[in-house]
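Colleague: Could you take me closely through the salt bridges of this protein, and say how accessible the paired side chains are?

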Amino acid sequence: MTDARGSAGPYGDPPAGHAPGAPCWVSLMVHGLDATEDFYGALFGWEFQPGPQQLGPYVRALLDGREVAGLGRLPPDRHLPIAWTPYFASRNADLTAETVRSRGGTIGVGPLDAADAGRLAICSDPAGAVFGIWQAATHLGTAVSGVPGAPAWNELLTFESASAAKFYRTVFGYEEEPVVSADFDYVELHLGGAPVAGIHGVGHALPRDRGPHWVTYFQVADVDDAVDQLVHLGGQVLKPVHDTAHGRVAGVADPEGARFAIVQRPD
């Protein structure tokens, strides 16, 4: 877990649609959907409504009636890692998926239609980190940001930043903003001059059981209170609360082991 360098990126309500390449949704597939709804509902104040069922039972999480994330149930015979997956906006999911393939990535699911909501693909980059592509139709993606319970930042933990940044730049058209440091391998990905995601190269410090992976940061009002609540609900603290230039951060996991981070913005 890093210093959540980009968690101070642009906040406020997103526009009517997300620009191509912008993180537009986060989704989690689990075995126990009801228990996972209970956990995140209590932790973030989410409510739930049914979503597209093309990949099995799926619900959308809401804050004050506005969509922030998705939860789905894995088929019983699928033993996949339980992990939050960020989706990046695309005007043409098929074309973006083909670019992923041509640059050494892999398409695991799709592209396929999610009813009338949009078209999606689930991919992995050349190092194995999983991410999604979303071409919006009736479902534009996350509809609120900058408030407790909403996604605040997405960050890729990988072996080194340069090759990963080149891949994502080619696929989504990002500009790169390296963090100049002798001992900190970090690149911010920008769209239109604004930071939208980060890539942190950590070499052999990657967890052996995970490999390269994306981490989603969710905003909370008070990170210490949120950690206490998370532990009470059966979650786990992976990296204790610590201060960064962009707020107070903790690395955590839910009861099924899905890792994420919580961040309290500076006053």
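What follows is a walk through individual pairs.

Modeller: Please keep in mind that this is a predicted model, in which the structure holds seven salt bridges. I would begin with Glu98, which forms a salt bridge with Arg101, their closest N and O atoms being 3.1 Å apart. Because these two residues are three residues apart in helix α2 (residues 93-102), about one helical turn separates them. Glu98 is partly exposed, with a relative accessible area of 43%, and Arg101 is likewise partly exposed, at 38%.

A further pair is made by Asp113 and Arg119, whose side chains meet in a salt bridge at 3.0 Å, N to O. Here Asp113 counts as partly exposed at 44% relative accessibility, while Arg119 has 21% and also counts as partly exposed; since buried means under 20% relative accessible area, the value of 21% for Arg119 leaves this residue in the partly exposed class.

The side chains of Arg248 and Asp224 meet in another salt bridge, at 2.8 Å from N to O. Arg248 lies in strand β15 and Asp224 in helix α4, so this pair ties together parts that are 24 residues apart in sequence. Arg248, at 23% relative accessibility, counts as partly exposed, and Asp224 is partly exposed as well, with a relative accessible area of 32%.

How values were computed:
Residues numbered from 1 in each chain as written. Predicted model: local features only at pLDDT ≥ 70, side-chain atom pairs only at ≥ 80, totals over all residues. Heavy atoms only, no water. Salt bridge = Lys/Arg side-chain N within 4 Å of Asp/Glu carboxyl O. Helix = DSSP H or I, 4+ residues; strand = E, 2+ residues; numbered from the N terminus. Buried < 20%, exposed > 50% of the residue type's maximum accessible area, 1.4 Å probe, protein only.
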